[in-house]
Protein chains: 6
Amino acid sequence: MNKIAIFPGSFDPITNGHVDIIKRTLPLFDKIIVAIGVNTQKKYLFSLEDRKAWIKEVFKDEPKVEIDSYNGLTINYCKKAQASYIIRGIRSALDFEYEKTIAHLNSTMQPDIETVLILSKAELSSISSTIVREIIIGNGDIGKFIPHSISDSITKDKIHRQ
Amino acid sequence: MNKIAIFPGSFDPITNGHVDIIKRTLPLFDKIIVAIGVNTQKKYLFSLEDRKAWIKEVFKDEPKVEIDSYNGLTINYCKKAQASYIIRGIRSALDFEYEKTIAHLNSTMQPDIETVLILSKAELSSISSTIVREIIIGNGDIGKFIPHSISDSITKDKIHRQ
Amino acid sequence: MNKIAIFPGSFDPITNGHVDIIKRTLPLFDKIIVAIGVNTQKKYLFSLEDRKAWIKEVFKDEPKVEIDSYNGLTINYCKKAQASYIIRGIRSALDFEYEKTIAHLNSTMQPDIETVLILSKAELSSISSTIVREIIIGNGDIGKFIPHSISDSITKDKIHRQ
Amino acid sequence: MNKIAIFPGSFDPITNGHVDIIKRTLPLFDKIIVAIGVNTQKKYLFSLEDRKAWIKEVFKDEPKVEIDSYNGLTINYCKKAQASYIIRGIRSALDFEYEKTIAHLNSTMQPDIETVLILSKAELSSISSTIVREIIIGNGDIGKFIPHSISDSITKDKIHRQ
Amino acid sequence: MNKIAIFPGSFDPITNGHVDIIKRTLPLFDKIIVAIGVNTQKKYLFSLEDRKAWIKEVFKDEPKVEIDSYNGLTINYCKKAQASYIIRGIRSALDFEYEKTIAHLNSTMQPDIETVLILSKAELSSISSTIVREIIIGNGDIGKFIPHSISDSITKDKIHRQ
Amino acid sequence: MNKIAIFPGSFDPITNGHVDIIKRTLPLFDKIIVAIGVNTQKKYLFSLEDRKAWIKEVFKDEPKVEIDSYNGLTINYCKKAQASYIIRGIRSALDFEYEKTIAHLNSTMQPDIETVLILSKAELSSISSTIVREIIIGNGDIGKFIPHSISDSITKDKIHRQ
């Protein structure tokens with residue numbers, strides 16, 4: 001049986017932290033779907049199209065990585081995508097508490113889906129999409145926080161949120 | 001003297017977690033007032049009337065439980081309701097840090113009101129109103145998270161927030 | 001039915017932190033048993049007799065407070081003492097994590113015994129028996145940390161541990 | 001070389017917690033700039049002018065304290081102000097996790113700027129601007145939480161946010 | 001290439017918590033080695049032989065599970081056993097902080113070994129070998145905390161530590 | 001007035017984490033005393049002489065750094081050494097909770113001594129003397145964790161504890 005995992009998130013935008021988690025977990029799975037959750041009540045800095053395009057660019061040479069987007073509950077998307085694993089990166093005890101709640105809840109609703117937690121590397125543990133967005137808005141240099149291959153395309157002009 | 005406690009919250013909507021805390025603390029008190037705090041700057045998913053009605057339904061056979069709503073500071077409501085105790089359920093260290101701040105503050109402003117912290121049961125510790133709201137919006141099944149007696153009435157049609 | 005609670009601990013020695021928790025919870029119960037747990041594998045700085053005597057002195061005018069000691073599991077002692085409540089003071093998120101584990105475990109083994117958590121006051125939250133012992137050994141002044149009525153009797157001469 | 005530190009924040013409004021941190025760190029530095037960060041996407045309860053005026057009033061007799069405001073990233077402001085130190089007060093483990101992320105990030109972007117963390121005093125650790133704002137809105141008494149010299153001027157009439 | 005993981009620990013004794021983590025991660029790997037770390041400076045309640053025998057009994061029908069013991073650093077054992085993954089169960093934020101330190105350290109010393117963190121189920125998160133040992137010593141009933149197949153053999157007579 | 005700080009610890013042995021904290025805080029003070037606390041009830045892996053010699057070697061070119069040892073309470077040593085500041089490095093929320101308790105206690109006993117908390121750099125935050133000792137005992141390579149100038153002298157032969 002194929003081992004399929006999803007790596008859900010907003011990826012607004014994808015960071016070196018995300019890329020590191022995906023690369024480190026790829027050997028464990030036959031396929032990892034980078035799954036952009038779409039929440040109509042949430043505002044994103046960049047458009048879904050841009051966010052997808054950046055992830056595609058980063059993983060264009062990794063055939064085991066797919067990119068998709070979904071609405072609704074993550075476990076429902078897992079069933080649709082025939083994924084049995086959810087990958088989550090954790091940086092801090094705060095992340096852990098949040099992931100624990102979600103993972104316990106998912107396991108109450110869908111006991112056959114397993115959550116695999118992967119620790120961010122120490123030197124990447126202060127990076128988050130939130131922080132990258134603030135640096136972009138504050139005109140700082142995000143070059144150390146996002147993949148080289150897309151660092152020229154993630155700019156203030158791409159800001160989508162009104 | 002009567003031992004009166006309030007159990008404050010938004011109850012948007014009431015969950016099995018809330019019900020468990022109330023039932024476990026009832027023997028300690030002569031009366032528990034389930035007190036819905038109304039914050040005009042906050043948006044609720046369900047109307048105050050629906051939230052009140054659901055709590056009433058759940059505790060219709062518990063004469064020691066009353067339901068009320070209030071504006072302003074919780075300690076001011078306590079004085080008005082002649083309650084000397086505030087009951088708070090805690091699920092995680094995050095909840096604890098939040099409750100500690102509020103309890104210390106309340107005790108600075110009103111030293112004769114005591115906060116009693118009760119741990120959620122392990123199997124209920126991933127349930128919160130926030131999560132129940134997300135499951136409702138995401139079309140998931142909330143049957144395991146809210147009392148049976150009201151599970152038919154908490155539906156998407158009741159959503160009040162525009 | 002009588003509401004009996006135990007307040008278990010080593011009380012090596014009793015501190016102002018302990019006394020504050022007991023005084024604040026007394027109105028909730030008909031009797032609080034200050035119960036010194038005896039663990040033969042643990043070394044105590046002061047003898048069981050001294051620790052008991054100090055607690056007795058502090059609460060000599062509180063008829064609702066009893067002092068006792070016990071071996072074995074706390075929940076077994078609760079049953080023997082007909083206590084339905086365990087009171088625990090918490091100072092920090094670390095305390096909380098510890099108490100959560102113990103409370104969940106106790107509730108697995110004995111579901112009808114309830115744990116009531118009470119927050120230390122902010123100004124008492126750095127006091128612990130461990131710290132008081134270190135100050136005594138380091139020849140510091142413990143006057144601010146233990147009840148006045150016993151501050152003359154808790155001295156280095158009373159140290160029992162070899 | 002002069003030792004210049006900034007103490008960044010929203011100060012919406014300044015509290016006794018802020019004042020205590022500044023007074024305790026003043027001896028370490030030649031100048032502390034209380035620097036109000038202006039984020040156009042954030043709403044403040046009080047106007048920038050009022051917030052500045054209150055801080056000025058509180059420190060009118062401290063020649064080493066200056067007041068300023070800035071847009072954009074804090075480390076960019078540090079460079080402009082020739083400050084090598086960022087002072088941050090921490091009250092809880094939650095504050096700590098947040099400050100850790102920001103400090104690591106700042107040190108990635110600007111390694112020569114050092115963050116100095118100072119613990120809130122126990123009795124001030126439940127005070128925050130957020131809480132003071134809620135008490136003001138809830139018609140409670142903030143006298144214990146803000147400096148005496150400005151307690152008459154921080155009133156509901158000054159509320160700026162629409 | 002074979003995917004080999006080790007699940008290191010003292011297993012003094014093995015609990016339902018350990019068994020659950022192993023069963024949930026088995027589908028991800030070709031082999032899981034339950035590896036008992038032997039630290040000559042640490043005292044164990046049960047003998048290495050008993051601890052091994054109990055794990056063997058529990059997994060006698062799982063051909064993918066092997067049992068072994070080792071001295072020295074875990075990453076050195078990984079290399080010897082050709083394992084590229086270390087599995088760790090986490091129950092709480094405290095566990096998380098501990099595992100983070102160890103995992104970062106291991107990755108500094110041996111970057112090609114990956115740590116996979118798996119959350120304990122909510123209802124198992126208060127179980128630990130430490131607690132099971134205390135219940136055994138306190139004459140409590142450990143039936144709910146260890147696998148049925150070995151619950152008759154883990155008794156006070158087997159205590160090895162003097 | 002001279003700004004004197006102490007940096008207290010066991011330094012069993014000194015690590016790159018300690019060295020980084022000292023170097024980063026040196027510009028703030030006129031003198032930093034690296035103060036080895038001697039607790040007769042604690043066992044150390046290395047002798048006090050070796051631990052002192054290693055620190056001296058590391059800071060032989062830093063005239064503002066002194067090395068000393070002391071018995072009893074840290075705040076009493078501060079008074080003797082005329083130090084008004086205690087420097088502490090923090091790596092994690094666990095460290096923070098510990099330091100908070102100690103700092104609050106010290107400020108209760110000696111309000112004029114200030115504790116300055118400095119965050120470990122992300123890449124050094126998994127290093128501790130405890131871990132370095134375990135690697136030495138487990139025959140691992142500590143080269144990345146201790147200063148180059150002493151890495152040849154910290155060896156298993158120097159182990160002092162019986």
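Hi everyone, let's start in chain C, where strand β4 (residues 85-90) and strand β5 run parallel and are paired through six bridges. Two strands pair here if DSSP finds at least two bridges between them. Helices (H or I, at least four residues) and strands (E, at least two) are DSSP runs, numbered from the N terminus. To give you one bridge to look for, C:Gly89 has C:Ile118 of β5(C) as its partner. To get from β4(C) to β5(C), the chain passes through helix α4 (residues 93-109), and this β-α-β crossover is right-handed. Right-handed means that, with the strands pointing away from the viewer, the path from the first strand over the helix to the second runs clockwise.

A quick word on what you are looking at. This is a predicted model, in which local features need pLDDT of at least 70 and side-chain atom pairs count only at pLDDT 80 or more, while totals for chains, interfaces and linings use all residues. Residues are numbered from 1 along each chain as its sequence is written, chains are lettered from A and ligands numbered from 1 in the order in which they are written, and side-chain values use heavy atoms, with hydrogens and water left out.

Back to β5(C), which covers residues 114-119: is this strand mostly covered or mostly open? Mostly covered, with six of its six residues buried. Buried means under 20% relative accessible area, exposed over 50%, and partly exposed in between, using a 1.4 Å probe and protein chains only. In a regular strand the side chains alternate between the two faces of the sheet. You can follow that here: C:Glu114, C:Val116 and C:Ile118 point one way, C:Thr115, C:Leu117 and C:Leu119 point the other way, and all are buried.

Now hop over to chain E. Six of the six residues of its β5 (residues 114-119) are buried, so this strand is largely enclosed by the rest of the structure. Its parallel neighbour is β4(E), residues 85-90, joined to β5(E) by six bridges. Within that pairing, E:Ile90 stands opposite E:Leu119.

Next, how do chains A and E meet? Contact means heavy atoms within 4.5 Å, and 25 residues of chain A are in contact with 25 residues of chain E. The size of an interface is often given as the accessible area lost when the parts come together. For chains A and E that buried area (accessible area, 1.4 Å probe, lost on being put together and summed over both) is about 2,100 Å², with carbon and sulfur atoms giving 64% of it. On the chain A side, A:Leu28, A:Phe96 and A:Leu119 lose the most area to chain E, together 27% of what that side buries.

There are also two salt bridges between chain A and chain E. A salt bridge is a side-chain nitrogen of Lys or Arg within 4 Å of a carboxyl oxygen of Asp or Glu. One such pair is A:Glu114 with E:Arg24, whose closest N and O atoms are 2.6 Å apart. As for the elements involved, β4 (85-90), α4 (93-109) and β5 (114-119) of chain A each supply at least two residues of the side that touches chain E. The largest share, seven residues, comes from α4(A).

While we are in α4(A), take a look at A:Asn106, which sits in this helix. A:Asn106 is buried, at 10% relative accessible area. Leaving out residues up to four places away in sequence, A:Asn106 touches A:Ile75, A:Ile86 and A:Pro111.

How many does a search of the whole structure find? Over all chains, 54. In one of them, A:Arg133 meets A:Asp12 at 3.7 Å, N to O. A:Arg133 is in helix α5 (residues 129-137) and A:Asp12 in the loop between β1 (4-9) and α1 (16-25), so the pair ties together parts that are 121 residues apart in sequence. A:Asp12 counts as buried, at 2% relative accessibility.

In chain B, the side chains of B:Arg24 and B:Asp20 meet at 2.9 Å, N to O, in a salt bridge. These two are four residues apart in helix α1 (residues 16-25), about one helical turn, and both are buried.

Definitions and conventions
Buried area is the accessible area (1.4 Å probe) that two parts lose on being put together, summed over both.
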